Amino acid sequence: YAKSEKSGGYNVITTSGVILPHERTYEPEKSDNYEIGLKSNFYDGRYMATLAAFLIDWHDQIVRGLGDSLAVLNTNVGTSTSQGLEFELTGQPTDRIGIRLGAAYTDAKYDEYNFDVLETFLGIDPVMDGNPLPLVSEWMVNTSVEYALPSSIEDWDLFSRLDWDYRSAQSIVETDDATVGSSTRLNLRLG
């Protein structure tokens, strides 16, 4: 368990609009962070697995928002929650081969957030309750395999490594009507 606080501050300069007197300051962000997990070694320490569950309970989360004159500034959200599970397996099946597999599921959303300026200027429902937090993928999966081969040069090894990862789509704005699609990457390294 950890209790955290990020300081509040002042909105003083913007190029996008006028900061009104009631928008000059924003409150500190506070969170209660819970995590429980386990870690295990097996097969004579050649493999290690970890599993963790987490919950972050935010109060007054600091986000970039729009002020009453459409100035881009820091503001506070009522409450937000991020919770999920993470799993990782690493191993050394042979002296030359290393493997890694990881997966994470995250459910991160606004619990209470009224983005009032949306209704005022755009006629959009200002209640963001239940919308996903921007830039958070619900699923992430990754794996890698590395192969090392001793060379004839003292203290040098040759290696190759193949990495693959996947991220599910992410919302990029609070209104959850614009997203970045899922992505998959494959990398090969030789050295």
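A: Let's settle one term before anything else: buried means under 20% relative accessible area, exposed means over 50%, and partly exposed is in between, using a 1.4 Å probe and protein chains only. By that rule Asp165 is buried, because its relative accessible area is 16%. Bear in mind that this is a predicted model, where local features need pLDDT of at least 70, side-chain atom pairs count only at pLDDT 80 or more, and totals for chains, interfaces and linings use all residues. Residues are numbered from 1 along each chain as its sequence is written, and side-chain values use heavy atoms, with hydrogens and water left out.

Now to the loop. Gln61 sits between strand 5 (47–59) and strand 6 (62–66); helices (H or I, at least four residues) and strands (E, at least two) are DSSP runs, numbered from the N terminus. Gln61 counts as buried because its relative accessibility is 10%. Its side chain makes a polar contact of 2.6 Å with that of Ser80. A polar contact here is a pair of N or O atoms within 3.5 Å; within protein, one must be able to donate a hydrogen and the other to accept it, and residues adjacent in sequence count only if both atoms are side-chain atoms. If you skip neighbours within four places in sequence, Gln61 is in contact (heavy atoms within 4.5 Å) with Glu29, Thr75, Asn76, Val77, Ser80, Tyr110 and Leu133.

Asp60 is in the loop between strand 5 and strand 6 too. Its phi is positive, about 55 degrees, although Asp60 is not a glycine. Asp60 counts as partly exposed because its relative accessibility is 32%.

Leu135 belongs to the loop between helix 1 (117–122) and strand 10 (139–150), and counts as exposed because its relative accessible area is 57%.

Over to the strands. Asn33 is part of strand 4 (residues 29–42) and is buried because its relative accessible area is 18%. A polar contact of 3.1 Å links the side chains of Asn33 and Ser31. Not counting residues up to four places away in sequence, Asn33 touches Tyr1, Ala2, Ser4, Leu55 and Ile56.

Back to Asp165, which is in strand 11 (residues 157–167). Leaving aside neighbours within four places in sequence, its contacts are Val141, Asn142, Ser183, Thr184 and Arg185. Pro93 is 72 residues from Asp165 along the chain, and their C-alpha atoms are separated by 21 Å.
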